[in-house]
Amino acid sequence: QVQLVESGGGLVQAGGSLRLACTVSKRTELVYRTGWFRRAPGKEREFVAAILWSGSSPDYVDSVKGRFTISRDNAKNTVYLQMNSLRPEDTAVYYCAANLIGRGSEYDYWGQGTQVTVSS
C-alpha cells in the first residue's frame with residue numbers, strides 16, 4: 001500500500017555530513033508518521049528520528065539530538081534526515097518506515113535501507 005525508497009547513504013569521515021532522503025509513494029494519504037531507524041553490525045535496530053506526515057512534531061533519540069535534523073518536503077513526498085557532526089558510532093544501515101493512521105506506534109512499511117559508514 002505504501003512504498004518507501006531511501007537514498008543518500010555513503011562513506012564520510014568523522015565530523016562530516018550526509019543527507020538521507022526517503023521518498024514515499026502509492027497510498028500516502030494513509031501515512032501518519034515517517035521514521036528513520038538504523039541497525040549497526042551486531043546490534044538491534046534503533047529508532048533515530050520521526051516526524052508527522054504533516055511535517056510537525058519532530059522527535060529524536062538522545063544520541064543524535066543537536067546533530068541530526070528530520071524534515072519533510074510536502075511537494076516531493078520526501079522525508080530527509082540531515083546528519084551533521086557524524087561519528088563512527090553512527091555507522092549503520094539506515095531505514096525509513098511509515099506509521100499508518102490508526103496503527104498506534106507500529107511501523108508497517110519499510111524501505112530497503114541505505115548504508116552509512118563513518119570513518120575515524
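## Asp90 and its chain

In this predicted model, Asp90 touches Arg38, Arg67, Phe68, Ser85, Val116 and Val118, leaving aside residues up to four places away in sequence. Asp90 sits in the loop that runs between strand S8 (78-83) and strand S9 (92-100). Its relative accessibility is 1%, so Asp90 counts as buried, the cut-off for that class being under 20%. A polar atom of the Asp90 side chain lies 2.8 Å from the backbone nitrogen of Arg87.

In sequence order the pattern reads β-β-β-β-β-β-β-β-β-β-β. Among contacts with a separation of 6 or more, 54% join residues 24 or more positions apart.

The overall dimensions can be set against a simple rule. A compact globule of 120 residues would have a radius of gyration near 14 Å, and the chain has 14 Å, so the two agree. Taken along the principal axes, the C-alpha atoms fill a box of roughly 40 × 30 × 25 Å.

Values for the chain as a whole are listed below.

| Property of the chain | Value |
|---|---|
| Residues that count as buried | 42% of 120 residues |
| Accessible surface | about 6200 Å² |
| Part of the accessible surface belonging to carbon and sulfur atoms | 47% |
| Positive side chains | 14 side chains |
| Negative side chains | 11 side chains |
| Distance between the centres of the positive and negative sets | 3 Å |

Asp90 is thus one of the residues on the negative side of that count, and with 1% relative accessibility it counts as buried.

Methods:
Residues are numbered from 1 along each chain as its sequence is written. This is a predicted model: local features need pLDDT of at least 70, side-chain atom pairs count only at pLDDT 80 or more; totals for chains, interfaces and linings use all residues. Side-chain values use heavy atoms; hydrogens and water are left out. Helices (H or I, at least four residues) and strands (E, at least two) are DSSP runs, numbered from the N terminus. Buried means under 20% relative accessible area, exposed over 50%, partly exposed in between (1.4 Å probe, protein chains only). A polar contact is a pair of N or O atoms within 3.5 Å; within protein, one must be able to donate a hydrogen and the other to accept it, and residues adjacent in sequence count only if both atoms are side-chain atoms. Contact means heavy atoms within 4.5 Å. The radius of gyration is taken over C-alpha atoms; the globule rule is 2.2 Å times the number of residues to the power 0.38. Accessible areas come from the Shrake-Rupley method with a 1.4 Å probe; for residues, only the protein chains shown count as cover. The place of a charge is taken as NZ of Lys, CZ of Arg, CG of Asp or CD of Glu.
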